[in-house]
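This briefing goes through selected features of the structure shown below. Points are grouped by topic.

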Amino acid sequence: MFAPNLAMSPSSEPAPHQTDSSAEIQDIVLTFHDVSKSFVSGHRVIHALTRVSFTVRRGTVTGIIGPDGAGKTTLMRLAATLLRPDQGHISVLGMDTQREAAAIYGQIGYMPQRFGLYEDLTVQENLDLYADLHGLDHDHRSARYRQLMVMTGLEPFTRRLAGQLSGGMKQKLGLACSLLGTPPLLLLDEPTVGVDPLSRRELWTIVDRLVREEGTSVVLTTSYIEEAERCPDVLILHEGTILGRAHPSTFKREIEGRVYQIHSSAVHKRLIHATLTDRPEVVDAMVQGESVRLVLRDPHPETLAAIVPAIPQLSIAPVPPRLEDWFIVKLRQQASQPAVRSQLKPLTASQTSLSPAPRAPVIQVRHAQRRFGDFYAVHDVSFDVLSGEIFGLLGPNGAGKSTTFRMLCGLLPPSGGHLTVAGVDLRRARSAARQRIGYMSQKFSLYRDLSVRENLRFFSSAYGLRGDRRRERNNWALDQFGLRPFADAVSGELPLGYKQRLALACALMHEPDILFLDEPTSGVDPLARREFWHRILELAGRGVTIMVTTHVLEEAEYCDRIAIMAHGRLLTLGTPDEIKRRARTVECPTPSLEDAFVYLIHTERRQAVVS
Amino acid sequence: MWVRIQALMIKEFLALLKDKKTRTVILIPPMVQLLVFGYAATFDLNHIPFALYNEDAGPWGRHMAEAIQGSPHFDLVARISHEADMAPLIDLRKALVIVRIGQHFSRRIAHGEPADMQVLVDGRNSNTALLALNYLRTIVQQFIAQIDEPGQSVALPVKLEVRAWFNPNLESRWFFIPGIVGSLTMIVALLVTALSVAREREQGTFDQLLVTPLRPTEILIGKTVPGFLIGLLEATVIIALARWWFEIPLVGNLVSLYCGLAVFLLSGLGVGLMISSLAVTQQQGLLGVFVFMVPAILLSGFATPIANMPSPVQYLTFLNPMRYFMIVVRGIFLEDMPVDMLLWQLWPMAVIGLIALSFAGWLFRHRLY
Amino acid sequence: MSQSRPRRVHRFPSNNTWMRLRGLMRKEALQIVRDPSSIAIAFLIPVLLLLLFGYGISLDAEHVPVGLVVEQPTHLTAEFTASFFHSRYFLPISFDSMTAAEEALREHRVNAIVRLREPFGKQISAGAVAPVQVIVNGSDANTARLIIGYVEGATARWLERLVREGRTRPLPIAIEPRIWFNAEVRSRNFLVPGLVAVIMTLIGALLTALVMAREWERGTMEALMTTPVTANDILLGKIIPYFFLGTGGMVLSVVMAIGLFDVPFRGSFWVLALAGGIFLSVALGMGLLISVLAKNQFVAAQAAIIVTFLPAFLLSGFLFDIGSMPPLIQGITYIFAARYFVEILQSAFLAGTIWPLFIPNLIALLIMAGLFLGLCRFIFRKRLE
């Protein structure tokens, strides 16, 4: 049942050592043999990993992907000797994690989810600390420092406090610290959560270089599947067991001919999405700019004709599958996924006033400014968000998105300019005005000690709901968000995806007209992200205005309009397709939104240097 | 509005009492501390270890020694016969007092001459030293009264008839235990509030609160009431223990006591919330608690009278809500304090509480970070 | 084939404890410097507390308001009351009637009433015993007792005058008190040394109570654990920097005690340094233990508030005489390190170096230091579980 995975060795590699068995053992950097691990949480036992076996070869990048609660972090911590397996054994670089832990410590680089940096130390001091801890002798230090600083581009910032670095820079510093000892094996736990696309690309460049130049073996976990496409070796983890392992192309081949892009100039994308998404033949449907991307259950084009009703001016084009499509298909097959979809009412055309009739601006930002000391976090930013619109605010870490957001929500006073939401300044408005907005932040700010039910009850009452109405909304939240099985669980112990659902449920208790989402899907898996956007689209269909910040550009595709910020200024504003068009170049004639983002930010930086 | 406040209160209660560690930390120690400190905090001396160096061969020396030994306050730990033995006894704290009765003690008394008695006291704890000396003086005076022979003129023409109001046996426990009631109530009030806002800020939930229609006043009420009720409950248990376990008379009326307690709790919670709203991190919150709590207890008259402090420090104590409550709680426990005197202590506490609470509420929205 | 394989660099000096430890210590030191609250805890709090309490806490009552009720003034009563007017201990207030005086006592305007009844002069002249009524407010039993002592003292001085003038015969027994170590019976002399122990308990625990919990909460502990550091390295790396910081606070306290409050120092500084060092290890160890156990700043902070201040204040012998406590409570005092240190401090300041007294206390402190640090080491394992 748990066949050795050697047979599925990554196809990109020529697998050169198969004849020499001792060399083969030499070439294995990580082995999990029949490993199980469970935790006791409250009264429940959580089986994080169940009888997992696999090996990792030297000199590759292995991506471990899986939904939240699949056991990714447990697996990494086991490999890093931070946890002890209940059963089975693990060996790292030929050493057993239980018996030879002390010898392993110096040989691995491990970057935990929050990068493990001391925020009140400077970049250099963090490096010095980890160099000392790894026992790096002084003669080799300066060379290694220089090498790593050049690699990570942190050279100009060595005297800056780590806490004052942007998320992307922190991530790179965390990486540099874990690389100080030149470890043969590098373990990265969710290295790209909450990091902007630009920094993500840079991280990958570094990882590729490490593998190429230093022969490092890298094992990383991620919930961004598009990242896993870069790994020649992908291991899919689900509910503590391995679902599959291969080169991404092997996975993608399985679903070839099932992925299409649909576009109609007459019908709004959201209506197409809403009509198609619940069809049994459709496994996955998502909005991409002006089009809808479909993944079908069967690879037969005739099914497509059957499910696409008479939508006028329809254009259908097959597109190459992505690893993420496979992942969704696979997960949807797993019966244990709660069927949330069916509980959502499909939209009918009458329910949605999708015609782009002129709509009034609900959020107005005029010359907004925010200073911290002599540093401008937000500098002269103006834009409008129209009623019923999904508006995305994008930008690298530290561009001023969160500051703008906090000013809009009335959490931070602006230093200049005006910001109004539904015609009022939320900072000065009477509390009744806040009744109209919902707010969900990246940290899923719930009361961790309270149960799901208690959180719901608290937030519904905080919004003044009472009696039957409150009961009704609480039940609505438990059912709609599939939270009923967890109603009495402590919310701090929920898997991330469920925390996010709960946070959204809390923000929606009072049926707000305007919803603020600050990096709402940071770190959650693609399935949960889809589900989340499904709900958001439904809300938008009902006329709720949605303002969202995100680092996941796939999400930005759902937006009607997006604004990209950099260095506290508004860089560009338009529909996703418009923005893509703006970034069209000779080298890249059909840029993705991510390409466009990176291109625009780069251009801006160049201009900043020139001026 | 009431729905919102009620929700917040329930949430605060759950946050305080749901986590087992927090619950234990808040509920158990005050009771244990009252029991331990109730016995520990006393200036009453008993079993004072004393050594006797009697050089007198006559009867009066023996009688004198017997008089001291007979007192419940003194325990004889050593009889010595060389001067050199005296110092080690004191140095090593084997004896607190050494009574040396001179060679000619009996002879002098017989001749009507003043007989001298040397008393050596360990002054390392000056308070204990003075009290021990006072006990000894009382014994000697009673002794003198006994040796007065009728017919002769009295040796002591005056006699002090001492009577102590409110505490006839001058038990210092009667003084300290009501004070401990105040100190522990203050600590509970600080524990439940001082980290609450800082913690919510660190976890991001405070932003979430601020975007709901909750007004700062409502947040304030929601955060104060649970602490208030917990404080009131714990104070009740502590008062009951003081009354029935330690048998401190409670001569005043309970309504006055609870009025005082309510105002005091309000001021304590106000200061706690203020510290909490000022702090960005929990560590700063903790530091704030100490910076307030330690002087608040020491400069409240809890252990040493405010009247003994230099006047600048005395003025400083007017800012300390505990100062007023110490007077109230002792006044009601021991003296049946009249209402007008009570009111004079209540209003400053109320003012401190209201200022602290308003400032905390203002900080909710205006703290920049 | 092996050429295609990347070279593996071996540059781990296998046992580099000192380098790791130094790295951790430097990190901690930098964090201390960056976050002024640690410096504030180590230096500002001792100064503040010592100033406040050195001046504020005193058991020496002076200028106690006393009501005098003389029912029939004569020259004899005037002689008697004069001794009150000339004493720095009293602030006499004359009342015409006992009712007025009693009201003043009830309203806390006076702390005691001394009443000379009508036949006072007659009784004295007749050679009889004249009773003097003394009523004190007993709420504060200690002050009440001091006041009674002062009244007795004033009476004794009046008697001495009578004896000197030959108007009465001398007392048959004269007590000749000698108070060692603190001849002027200044309460500050014994309170300030004890205060050093109370303050150091607070500071030691406050400095370390949150440091471990903080690393857990910020996720840095996870990163530390996969490096070659050992659990000992981590614990020592925490203790040593705070030890130096705490030593600074202690030196400052001692200097203030001697320089500012004029407390005599009769012992040896070396002994004090030794005892102080051991005591600081206990205090830091206690904080660290809280931190290791709690893993969460909220609980750690609450625990630190509860187990440090009041026990050190009430159960250390700093203020209240341990010998007078019930045996059970005396037993409890043995688990608080402050008790041993207070005993050493009070003797080292006022009495000098008394080895037979110090050695048992030092041993007790050593055992406690070993116990706390050992427990920290036992509980803190290099695992996440």
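**Interface of chain C and chain B**

A salt bridge joins the side chains of Glu161(B) and Arg117(C), with N and O 3.7 Å apart. The model is predicted.

- The rule finds 3 salt bridges across the interface of chain C and chain B.
- Helix α12 (residues 297-314) of chain C gives the most to the side of chain C that touches chain B, namely 15 residues.
- Polar contacts between chain C and chain B come to 20 residue pairs, counting pairs with both residues at pLDDT 80 or more.
- The contact involves 109 residues of chain B and 108 residues of chain C.
- About 10200 Å² is buried between chain C and chain B, and 68% of this is on carbon and sulfur atoms.
- On the chain C side, the residues that lose the most area to chain B are Arg145(C), Ile173(C) and Phe298(C), which together make up 8% of what that side buries.

**Domains of chains B and C**

- Chain B has two assigned domains: domain 1 covers 11-41 + 171-366, and domain 2 covers 48-147.
- Taken over C-alpha atoms, the centres of domain 1 and domain 2 of chain B are 47 Å apart.

**Helix α3 of chain C**

- Helix α3 (residues 75-85) of chain C is largely enclosed by the rest of the structure, because 8 of its 11 residues are buried.
- The buried residues of α3(C) are Leu76(C), Thr77(C), Glu79(C), Phe80(C), Thr81(C), Ala82(C), Ser83(C) and Phe84(C).
- The cover over these buried residues of α3(C) includes the strands β1 (64-70), β2 (90-95), β3 (112-116) and β4 (130-137) of chain C. It also includes the helices α5 (120-125) and α6 (141-164) of chain C.
- At the N-terminal end, α3(C) is capped by Thr74(C), which has a side-chain oxygen 3.3 Å from the backbone nitrogen of Leu76(C).

**Salt bridges within chains**

- Over all chains, the whole structure has 65 salt bridges.
- One of them links the side chains of Glu229(A) and Lys252(A), at 2.7 Å from N to O. Glu229(A) sits in the loop between α8 (225-228) and β9 (233-238) of chain A and Lys252(A) in helix α9 (residues 248-254) of chain A, so the pair ties together parts that are 23 residues apart in sequence.
- Which partner in this pair is buried? Lys252(A) is, because its relative accessible area is 19%, under the 20% limit. Glu229(A) counts as partly exposed, with 26% relative accessibility.
- In chain C, Lys27(C) and Glu28(C) form a salt bridge, with their closest N and O atoms 3.1 Å apart. Both Lys27(C) and Glu28(C) are buried.
- Glu165(C) and Arg161(C) also form a salt bridge, their closest N and O atoms being 3.3 Å apart. Glu165(C) is partly exposed at 43% relative accessible area, and Arg161(C) is partly exposed at 30%.
- A network of salt bridges links Arg469(A), Glu472(A), Arg473(A) and Glu511(A).

**Two aspartates of chain A**

- Asp196(A) lies in the loop between β7 (185-188) and α7 (197-214) of chain A.
- Asp196(A) is buried but has no salt bridge. Its nearest side chain of opposite charge is that of Arg605(A), 6.1 Å away, whereas a salt bridge needs nitrogen and oxygen within 4 Å.
- What lies by the side chain of Asp196(A)? A polar atom of that side chain is 3.0 Å from the backbone nitrogen of Leu198(A). The backbone nitrogen of Ser199(A) is also 3.0 Å from a polar atom of the Asp196(A) side chain.
- Beyond its neighbours within four places in sequence, Asp196(A) is in contact with Gly395(A), Pro396(A), Asn397(A) and His551(A).
- Asp128(A) belongs to helix α4 (residues 123-133) of chain A.
- Apart from residues up to four places away in sequence, Asp128(A) touches Arg141(A), Tyr145(A) and Arg26(C).
- Asp128(A) and Thr192(A) are 64 residues apart along the chain, and their C-alpha atoms are separated by 24 Å.

Notes. Residues numbered from 1 in each chain as written. Chains lettered and ligands numbered in written order. Predicted model: local features only at pLDDT ≥ 70, side-chain atom pairs only at ≥ 80, totals over all residues. Heavy atoms only, no water. Domains from an automatic or database assignment. Helix = DSSP H or I, 4+ residues; strand = E, 2+ residues; numbered from the N terminus. Buried < 20%, exposed > 50% of the residue type's maximum accessible area, 1.4 Å probe, protein only. Lys, Arg positive; Asp, Glu negative; His and termini not counted. Polar contact = N/O pair within 3.5 Å; in protein donor to acceptor, adjacent residues only side chain to side chain. Contact = heavy atoms within 4.5 Å. Buried area = accessible area lost by both parts, 1.4 Å probe.
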